[in-house]
Amino acid sequence: MEVNEPAASYQRQNYSIEEYLQLENAGIEKHEYYKGEIFAMSGARLDHIIVTGNLFAGLWNRLKGKPCRPFNSDIRIHIEKNTLFTYPDVSVICGEPKSLNDDGINFLNPVVLIEVLSPSTRSYDREGKFKLYRDIPSLKQYIIVDPGIVNVESYFVNTQDNWELIEYKDAAAVLQLPEIGVEIPLNEIYEGIEI
(Lines give C-alpha, C1' and ligand atoms only; values in the text may rest on other atoms or scores of the structure.)
Protein backbone atom coordinates (compact mmCIF):
# COMPACT_ATOMS: atom_id res chain seq x y z
CA MET A 1 0.00 0.00 0.00
CA GLU A 2 1.11 3.54 -0.66
CA VAL A 3 1.04 6.33 1.91
CA ASN A 4 -0.01 9.74 0.66
CA GLU A 5 -0.19 13.22 2.07
CA PRO A 6 -2.59 13.79 4.96
CA ALA A 7 -6.07 12.80 3.83
CA ALA A 8 -8.22 15.68 2.57
CA SER A 9 -10.98 14.86 5.02
CA TYR A 10 -8.42 14.75 7.85
CA GLN A 11 -6.57 18.02 7.29
CA ARG A 12 -6.88 19.17 10.90
CA GLN A 13 -3.64 18.80 12.80
CA ASN A 14 -3.16 16.90 16.03
CA TYR A 15 -5.76 14.20 16.21
CA SER A 16 -5.64 12.18 19.39
CA ILE A 17 -5.12 8.44 19.14
CA GLU A 18 -8.70 7.96 20.33
CA GLU A 19 -10.04 10.23 17.55
CA TYR A 20 -7.96 8.39 14.93
CA LEU A 21 -9.17 4.99 16.08
CA GLN A 22 -12.78 6.18 16.06
CA LEU A 23 -12.45 7.49 12.49
CA GLU A 24 -10.49 4.47 11.28
CA ASN A 25 -12.86 1.92 12.77
CA ALA A 26 -15.85 3.67 11.21
CA GLY A 27 -14.32 4.07 7.73
CA ILE A 28 -13.71 1.85 4.73
CA GLU A 29 -10.34 3.24 3.63
CA LYS A 30 -7.09 2.67 5.53
CA HIS A 31 -5.02 5.46 7.08
CA GLU A 32 -1.75 5.58 8.95
CA TYR A 33 -1.41 7.66 12.09
CA TYR A 34 1.75 9.28 13.42
CA LYS A 35 2.06 11.93 16.13
CA GLY A 36 -1.37 13.43 15.57
CA GLU A 37 -1.43 13.31 11.76
CA ILE A 38 -3.53 10.95 9.64
CA PHE A 39 -2.27 9.80 6.22
CA ALA A 40 -4.39 8.16 3.52
CA MET A 41 -3.22 4.89 1.99
CA SER A 42 -3.92 4.24 -1.68
CA GLY A 43 -4.09 1.05 -3.71
CA ALA A 44 -1.05 -0.82 -4.96
CA ARG A 45 0.23 -1.72 -8.44
CA LEU A 46 -0.07 -5.24 -9.84
CA ASP A 47 3.60 -6.20 -9.28
CA HIS A 48 3.26 -5.11 -5.64
CA ILE A 49 0.10 -7.18 -5.19
CA ILE A 50 1.65 -10.30 -6.77
CA VAL A 51 4.85 -10.16 -4.69
CA THR A 52 2.90 -9.50 -1.49
CA GLY A 53 0.60 -12.43 -2.25
CA ASN A 54 3.56 -14.72 -2.97
CA LEU A 55 5.21 -13.78 0.32
CA PHE A 56 2.04 -14.27 2.33
CA ALA A 57 1.27 -17.63 0.69
CA GLY A 58 4.85 -18.85 1.16
CA LEU A 59 4.80 -17.95 4.84
CA TRP A 60 1.30 -19.35 5.37
CA ASN A 61 2.27 -22.73 3.92
CA ARG A 62 5.54 -22.95 5.84
CA LEU A 63 4.12 -21.85 9.20
CA LYS A 64 1.17 -24.27 9.35
CA GLY A 65 1.20 -26.08 12.67
CA LYS A 66 3.84 -23.73 14.13
CA PRO A 67 3.36 -21.08 16.83
CA CYS A 68 3.81 -18.20 14.35
CA ARG A 69 1.19 -16.91 11.93
CA PRO A 70 1.44 -14.51 8.97
CA PHE A 71 -1.06 -11.70 8.41
CA ASN A 72 -1.74 -9.59 5.32
CA SER A 73 -2.08 -5.82 5.15
CA ASP A 74 -5.49 -5.90 6.82
CA ILE A 75 -3.79 -6.16 10.21
CA ARG A 76 -2.99 -2.87 11.92
CA ILE A 77 0.24 -2.65 13.91
CA HIS A 78 0.65 -0.06 16.66
CA ILE A 79 3.96 1.08 18.12
CA GLU A 80 3.25 2.51 21.54
CA LYS A 81 6.68 4.14 21.94
CA ASN A 82 6.31 6.46 18.91
CA THR A 83 2.49 6.46 18.29
CA LEU A 84 2.61 4.93 14.78
CA PHE A 85 -0.41 2.96 13.57
CA THR A 86 0.32 1.27 10.25
CA TYR A 87 -0.62 -1.60 7.94
CA PRO A 88 2.54 -3.51 6.89
CA ASP A 89 2.23 -5.59 3.72
CA VAL A 90 2.94 -8.79 5.69
CA SER A 91 3.33 -9.28 9.45
CA VAL A 92 4.25 -12.39 11.41
CA ILE A 93 3.20 -12.73 15.04
CA CYS A 94 4.43 -15.62 17.19
CA GLY A 95 2.61 -16.91 20.23
CA GLU A 96 -0.40 -15.05 21.55
CA PRO A 97 -1.16 -11.87 19.60
CA LYS A 98 -1.12 -8.86 21.95
CA SER A 99 -3.21 -5.82 21.12
CA LEU A 100 -3.72 -2.31 22.47
CA ASN A 101 -6.07 -2.50 25.46
CA ASP A 102 -6.88 -6.09 24.35
CA ASP A 103 -8.95 -4.64 21.48
CA GLY A 104 -8.05 -7.41 19.00
CA ILE A 105 -7.45 -4.77 16.30
CA ASN A 106 -4.21 -2.86 17.01
CA PHE A 107 -1.47 -5.43 17.38
CA LEU A 108 1.73 -4.78 19.31
CA ASN A 109 4.00 -7.83 19.01
CA PRO A 110 5.09 -8.68 15.45
CA VAL A 111 8.30 -10.66 15.14
CA VAL A 112 8.73 -10.12 11.36
CA LEU A 113 7.49 -7.22 9.24
CA ILE A 114 7.66 -7.12 5.44
CA GLU A 115 7.16 -4.11 3.19
CA VAL A 116 6.98 -4.36 -0.60
CA LEU A 117 8.25 -1.11 -2.10
CA SER A 118 6.04 1.27 -4.06
CA PRO A 119 7.34 4.30 -5.98
CA SER A 120 5.84 6.71 -3.44
CA THR A 121 7.00 4.82 -0.31
CA ARG A 122 10.47 3.67 -1.34
CA SER A 123 12.53 6.03 0.85
CA TYR A 124 9.97 6.05 3.69
CA ASP A 125 10.01 2.22 3.95
CA ARG A 126 13.83 2.14 3.91
CA GLU A 127 14.50 4.97 6.32
CA GLY A 128 11.67 6.58 8.27
CA LYS A 129 9.46 3.55 8.69
CA PHE A 130 12.37 1.25 9.53
CA LYS A 131 13.47 3.66 12.23
CA LEU A 132 9.95 3.65 13.68
CA TYR A 133 9.68 -0.14 13.44
CA ARG A 134 12.85 -0.55 15.51
CA ASP A 135 10.85 0.74 18.50
CA ILE A 136 8.86 -2.54 18.53
CA PRO A 137 10.39 -4.66 21.34
CA SER A 138 9.32 -7.99 19.77
CA LEU A 139 10.57 -7.22 16.23
CA LYS A 140 13.48 -9.42 15.12
CA GLN A 141 13.45 -9.02 11.31
CA TYR A 142 12.38 -6.34 8.84
CA ILE A 143 12.32 -7.25 5.16
CA ILE A 144 12.03 -4.85 2.23
CA VAL A 145 11.22 -6.30 -1.20
CA ASP A 146 11.54 -4.38 -4.46
CA PRO A 147 8.91 -5.75 -6.88
CA GLY A 148 10.59 -4.14 -9.91
CA ILE A 149 13.99 -5.86 -9.64
CA VAL A 150 15.31 -8.86 -7.75
CA ASN A 151 16.35 -7.09 -4.58
CA VAL A 152 15.43 -8.13 -1.05
CA GLU A 153 16.89 -6.36 1.98
CA SER A 154 16.69 -8.36 5.19
CA TYR A 155 17.43 -6.48 8.40
CA PHE A 156 17.68 -8.64 11.51
CA VAL A 157 18.76 -8.38 15.13
CA ASN A 158 22.12 -10.10 15.56
CA THR A 159 23.54 -11.80 18.67
CA GLN A 160 24.90 -8.43 19.91
CA ASP A 161 21.35 -7.00 19.73
CA ASN A 162 22.27 -4.75 16.78
CA TRP A 163 20.50 -4.52 13.44
CA GLU A 164 22.37 -6.13 10.56
CA LEU A 165 21.62 -6.26 6.82
CA ILE A 166 21.79 -9.10 4.29
CA GLU A 167 20.91 -8.26 0.68
CA TYR A 168 19.62 -10.81 -1.81
CA LYS A 169 20.01 -9.91 -5.50
CA ASP A 170 20.00 -13.32 -7.19
CA ALA A 171 16.72 -15.04 -8.09
CA ALA A 172 18.36 -18.37 -7.15
CA ALA A 173 19.01 -17.14 -3.58
CA VAL A 174 16.94 -18.21 -0.58
CA LEU A 175 15.60 -15.65 1.91
CA GLN A 176 16.37 -16.75 5.47
CA LEU A 177 13.92 -16.04 8.31
CA PRO A 178 15.69 -17.80 11.21
CA GLU A 179 13.54 -16.31 13.98
CA ILE A 180 10.51 -18.18 12.63
CA GLY A 181 12.41 -21.14 11.13
CA VAL A 182 11.49 -20.43 7.50
CA GLU A 183 13.32 -20.15 4.17
CA ILE A 184 11.69 -18.84 0.98
CA PRO A 185 13.40 -18.99 -2.43
CA LEU A 186 13.45 -15.64 -4.20
CA ASN A 187 12.18 -17.23 -7.41
CA GLU A 188 9.01 -18.08 -5.44
CA ILE A 189 8.71 -14.51 -4.13
CA TYR A 190 9.00 -13.11 -7.67
CA GLU A 191 6.89 -15.78 -9.39
CA GLY A 192 4.56 -14.13 -11.91
CA ILE A 193 6.67 -10.97 -12.21
CA GLU A 194 8.61 -10.11 -15.35
CA ILE A 195 12.02 -8.93 -14.19
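Colleague: Why is Thr52 called buried?

Modeller: This is a predicted model, and in it Thr52 has a relative accessible area of 13%. The cut-off for buried is under 20%. Because 13% is under that cut-off, Thr52 is classed as buried.

Colleague: Where does Thr52 lie, and with what is Thr52 in contact once its neighbours within four places in sequence are left aside?

Modeller: Thr52 belongs to helix H2, which covers residues 46-63. With those neighbours excluded, the contacts of Thr52 are Asp89, Val90 and Val116. A contact here requires heavy atoms within 4.5 Å.

Colleague: What makes the span of H2 close to the one expected?

Modeller: H2 has 18 residues, and at 1.5 Å a residue the expected span is 26 Å. From its first C-alpha to its last, H2 reaches 26 Å. The value is therefore close to the expectation.

Colleague: Which residues of H2 are buried, and why are they said to line one face of the helix?

Modeller: The buried residues of H2 are Asp47, His48, Val51, Thr52, Asn54, Leu55, Gly58, Leu59 and Leu63. Viewed down the axis of H2, these buried residues fall within an arc of 155 degrees, so they line one face of the helix.

Colleague: Which residue with a positive phi follows H2?

Modeller: Gly65 follows H2, and its phi is positive, near 80 degrees.

Colleague: Why is Ser73, a loop residue, also called buried?

Modeller: Ser73 sits in the loop between strand E4 (68-71) and strand E5 (76-78). Its relative accessible area is 17%.

Colleague: What separates Ser73 from Glu32 in sequence and in space?

Modeller: Ser73 and Glu32 are 41 residues apart in sequence, and their C-alpha atoms are 12 Å apart in space.

Colleague: How do you know that the radius of gyration of the chain agrees with that of a compact globule?

Modeller: For 195 residues, a compact globule would have a radius of gyration near 16 Å. The chain has 16 Å, so the two agree. Along the principal axes, its C-alpha atoms fill a box of roughly 50 × 35 × 30 Å.

Colleague: What can be said of the chain as a whole with regard to its helices and strands, its buried residues and its contacts?

Modeller: The chain contains four helices and 14 strands. Of its 195 residues, 48% are buried. Among contacts with a separation of 6 or more, 55% join residues 24 or more positions apart. The accessible surface comes to about 9,800 Å², and 50% of this belongs to carbon and sulfur atoms.

Key. Residues are numbered from 1 along each chain as its sequence is written. This is a predicted model: local features need pLDDT of at least 70, side-chain atom pairs count only at pLDDT 80 or more; totals for chains, interfaces and linings use all residues. Side-chain values use heavy atoms; hydrogens and water are left out. Helices (H or I, at least four residues) and strands (E, at least two) are DSSP runs, numbered from the N terminus. Buried means under 20% relative accessible area, exposed over 50%, partly exposed in between (1.4 Å probe, protein chains only). The arc is that of the directions from the helix axis to the C-beta atoms. The radius of gyration is taken over C-alpha atoms; the globule rule is 2.2 Å times the number of residues to the power 0.38. Accessible areas come from the Shrake-Rupley method with a 1.4 Å probe; for residues, only the protein chains shown count as cover.
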